[in-house]
Amino acid sequence: MLGPRYDWTISEIESIYSSPLLDLLLRAQLIHRDHHQPNEVQGCVLLNVKSGGCPEDCAYCPQSAHYRTETDRYDLMQVDEALTAARRAREQGATRFCMGAAWRDAAEGEEFDRVLTMVRGVRALGMEACCTLGMLTQEQADALADAGLSAYNHNLDTSPEFYGSIITTRTYTERLETIARVRKAGITVCSGGIVGMGESRRARCGMLHQLASLRPHPESVPINLLARVEGTPLGDRPDEDPLELVRTIATARTLMPGSFVRLSAGRASLTPEAQALCFMAGANSVFLGDVLLTTPNPAVDIDRRLFAELGLQLQAVPNA
């Protein structure tokens with residue numbers, strides 16, 4: 001078993017990404033088996049604890065205040081409501097509970113304190129707690145660490161070169177700075193990107209290059225397939241070839257062997273066969289539940305049947 005590399009070149013990554021698909025899958029699966037349980041998948045649940053009204057202009061996001069969508073808008077929910085959802089998630093087999101709030105910058109004052117209380121409550125259930133709250137100050141990152149936060153999600157979304165075509169209200173450097181603050185606080189990093197926004201293969205490889213250059217690699221790498229939402233600038237994008245998602249996952253597994261690679265948004269649009277290829281490519285984490293923030297996700301019983309057919313088991317839920 002070789003140690004991780006941090007010096008991949010974009011040319012090397014492009015060569016891996018574009019290699020014959022069966023060769024790519026075999027290589028990724030062998031690497032996966034060297035570092036992870038081969039038929040085990042981590043179950044996670046993502047709850048939207050504050051929805052809509054975000055000042056960012058992310059072209060894929062129905063929660064942006066810049067676009068007119070059908071997405072509900074509500075303020076930060078109460079702690080009891082969030083922890084009730086966390087208990088349901090644990091009963092469904094999730095070992096990680098993720099809380100997302102549609103903020104550009106994490107809130108201050110009472111709202112931030114409320115999030116800290118949610119984190120402590122999730123950890124008391126014996127689950128990993130993850131948050132995605134926008135940009136953080138170092139003081140906020142340290143406070144989240146003190147509350148027991150397991151992971152912080154802050155996706156890079158795409159490559160630096162394509163980024164300006166998707167988002168103009170936050171720079172790529174600002175994203176990297178928040179990740180650095182999270183790492184400095186001692187919280188594990190969850191960071192990945194999106195396939196299907198009109199980016200080239202080179203842009204996908206550029207995103208993976210950025211992630212694989214982080215020291216250490218993100219412990220969790222969510223790979224999302226664009227979930228198109230009417231009213232957003234990307235709402236009428238054509239379907240993406242699911243094999244491009246498979247290639248992205250397999251390349252991520254090859255570059256970052258120790259990371260959990262999460263098959264994330266857009267899974268509801270995939271056939272069982274496409275999902276099977278994603279798991280063969282090295283994906284070993286999924287979001288459970290029929291809603292992922294604001295977009296559809298496979299229902300629990302559908303996932304249960306799929307996992308049974310593929311011989312996959314959810315990671316065991318620890319005792320609280």
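The model is predicted: local features need pLDDT of at least 70, side-chain atom pairs count only at pLDDT 80 or more, and totals for chains, interfaces and linings use all residues. Residues are numbered from 1 along each chain as its sequence is written, and side-chain values use heavy atoms, without hydrogens and water.

**Aromatic pairs.** I searched the whole structure and found two aromatic pairs. Rings of Phe, Tyr and Trp (its six-membered ring) pair if their centres lie within 6.5 Å; planes under 30 degrees apart count as stacked, over 60 as edge-to-face, the rest as tilted. Tyrosine 163 and tyrosine 172 are edge-to-face, at 5.2 Å between centres and 85° between planes. Tyrosine 163 is buried, at 5%.

I then took phenylalanine 279 and phenylalanine 307: their centres are 6.3 Å apart and their planes at 75°, so this pair is edge-to-face. Phenylalanine 279 is in α10 (residues 272-280) and phenylalanine 307 in α11 (residues 300-310), so the pair ties together parts 28 residues apart in sequence. Helices (H or I, at least four residues) and strands (E, at least two) are DSSP runs, numbered from the N terminus. Phenylalanine 279 is buried at 7%, and phenylalanine 307 is buried at 7%.

**Charge over ring.** I noted that the charged end of arginine 5 sits over the ring of tryptophan 8, 4.0 Å from its centre. The criterion is NZ of Lys or CZ of Arg within 6 Å of the ring centre and within 35 degrees of the ring normal.

Technical notes: Buried means under 20% relative accessible area, exposed over 50%, partly exposed in between (1.4 Å probe, protein chains only).
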